[in-house]
Amino acid sequence: MGPVLDSLTAGFPYLILHVGVAVGVLVAGVMIYIWVTPFREIQLIRERNTAAAISFMGAVLGLAIPLAFCLAGSVTAFDILIWGAVVVIMQLIAFRIVDLLIRDIGQRIEDDEVPAAIALVTGKLAVAAIISAAVVS
């Protein structure tokens with residue numbers, strides 16, 4: 001049991017640091033997403049808009065998935081910070097492109113059109129998967 005506890009004792013601070021950096025990058029990415037999105041998803045969620053909840057959760061997952069791959073492939077906290085910022089920026093650009101490709105997406109989300117939200121999330125998660133694969137290659 002000694003080597004296991006020694007390993008835990010030595011590695012735990014790095015685990016906390018790396019997870020903390022990744023979560024910090026995720027929170028920053030979500031805040032930027034909220035700022036640049038063409039509609040106010042948080043307010044719509046408070047108003048019980050299902051499409052907005054689907055869209056927002058898809059965005060959070062779309063940011064978290066590449067960050068998780070970044071975390072898995074990184075060696076240092078600085079690595080996570082730099083590559084995490086890169087994948088978040090790439091995702092935010094991709095999200096904006098997907099938003100533009102689906103006509104009147106803001107209005108459709110505000111109108112609680114669940115099919116539009118599902119299409120939006122599908123695009124965002126598809127891009128997240130591709131970016132994730134690129135990060136670990």
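Author: Happy to. Axes here are lines fitted to C-alpha atoms, for helices over the stretch in contact, and angles run from 0 to 180 degrees between N-to-C directions. Helices are DSSP runs (H or I, at least four residues), numbered from the N terminus. This is a predicted model, where local features need pLDDT of at least 70, side-chain atom pairs count only at pLDDT 80 or more, and totals for chains, interfaces and linings use all residues. Residues are numbered from 1 along each chain as its sequence is written, and side-chain values use heavy atoms, with hydrogens and water left out.

Now to the pair itself. The axes of α3 and α4 lie 9 Å apart, and the two helices pack at an angle of about 150°. α3 and α4 are therefore roughly antiparallel to each other, a label for angles over 145 degrees. Contact (heavy atoms within 4.5 Å) involves, among others, Ala-59, Leu-63 and Leu-67 of α3 and Trp-83, Val-88, Leu-92 and Phe-95 of α4. The residues of this contact divide into 12 nonpolar, 3 polar and 1 charged; Ala, Val, Leu, Ile, Met, Phe, Trp, Tyr, Cys and Pro count as nonpolar, Asp, Glu, Lys and Arg as charged, and the others, Gly among them, as polar.

Some of these names return in the largest nonpolar core. A nonpolar core is a set of buried (under 20% relative accessible area, 1.4 Å probe, protein chains only) Ala, Val, Leu, Ile, Met, Phe, Trp, Tyr and Cys residues joined through side-chain atoms within 4.5 Å. Of its 16 residues, Tyr-33, Leu-63, Val-88, Leu-92 and Phe-95 touch the most other members. α1 (2-36), α3 (50-73) and α4 (77-101) each supply at least two residues, and α4 gives the most, with 6.

Key
Buried means under 20% relative accessible area, exposed over 50%, partly exposed in between (1.4 Å probe, protein chains only). Angles under 35 degrees count as roughly parallel, over 145 as roughly antiparallel, 65 to 115 as roughly perpendicular and the rest as oblique.
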